[in-house]
Amino acid sequence: MQSASVDIEASVGTRAQPAQRRPGRPRSEQADRAIIEAALSLFAESGPEGLCIEQVAARAGVGKATIYRRWPGKEELLLDAIGTLTTPLPEPAGRSVREDLVTLLGAMRDSVADPRRAREFALLLGEGAKYPRLMARYVETMLEPRREVIRSVLRRGVATGELRDSTDIEAALFMLTGAVLARGKYDRSGMPPGYVERVVDELLLGLAPR
């Protein structure tokens, strides 16, 4: 899943004021890592249903209050934990639709090749029907931003004439992502060299202006 960061700049001629610290103990990165690792470990063992704050706290070696100060509940914790396995897609260079799509799908291919991420993703999809709110938030916060990067490349291709005006952006999006995600999920032998390039070229052949 790619989040836009907000840069806060001091106005010209003024000095930036130090950030106000919230009352209470400062957050510990070590505790955060231990909690995330414990959540991922428990999720891998038993899925969302078997994940509970008490077990996460025990495995991470922290108190429940430490977790609740950071996350209001297990769904928020689980989303953040899975999010640590998801790397942002690279910024498209904008020179050509083909180049950008090959780059983006190559990053997706590398992501699904990670066995841990693939296992967590499969577990989440398998349990999604039981946890519709969790699944909806996963799609909204992690999948949709990644999809939007690809949509932006396809829309730019229509605008520049690289793709025909009648291109169905959503259909093209899922053809591209499905070709990588489905292959990565079911073909454990891995994707052969040049596979991503062939996927992009086949799609662009069908979407070329006529």
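**Terms and values**

Modeller: Asp100 lies in helix H5, residues 97-112. This is a predicted model, in which local features need pLDDT of at least 70, side-chain atom pairs count only at pLDDT 80 or more, and totals for chains, interfaces and linings use all residues. Residues are numbered from 1 along each chain as its sequence is written, and side-chain values use heavy atoms, with hydrogens and water left out.

Colleague: Why is Asp100 called buried?

Modeller: Buried means under 20% relative accessible area, exposed over 50%, and partly exposed in between, with a 1.4 Å probe and protein chains only. Asp100 has a relative accessible area of 2%, and is therefore buried.

Colleague: Which residues are in contact with Asp100, leaving aside its neighbours within four places in sequence?

Modeller: Contact means heavy atoms within 4.5 Å. The partners of Asp100 are Pro92, Ala93, Gly94, Arg95, Val153 and Arg156.

Colleague: Which residues are buried in helix H2?

Modeller: In H2, residues 53-60, they are Ile53, Val56, Ala57 and Ala60. They are on the same side of H2 because they cover an arc of only 100° around the axis, the arc being that of the directions from the helix axis to the C-beta atoms. Their cover includes helices H1 (29-50), H3 (64-70) and H4 (74-83).

Note on methods: Helix = DSSP H or I, 4+ residues; strand = E, 2+ residues; numbered from the N terminus.
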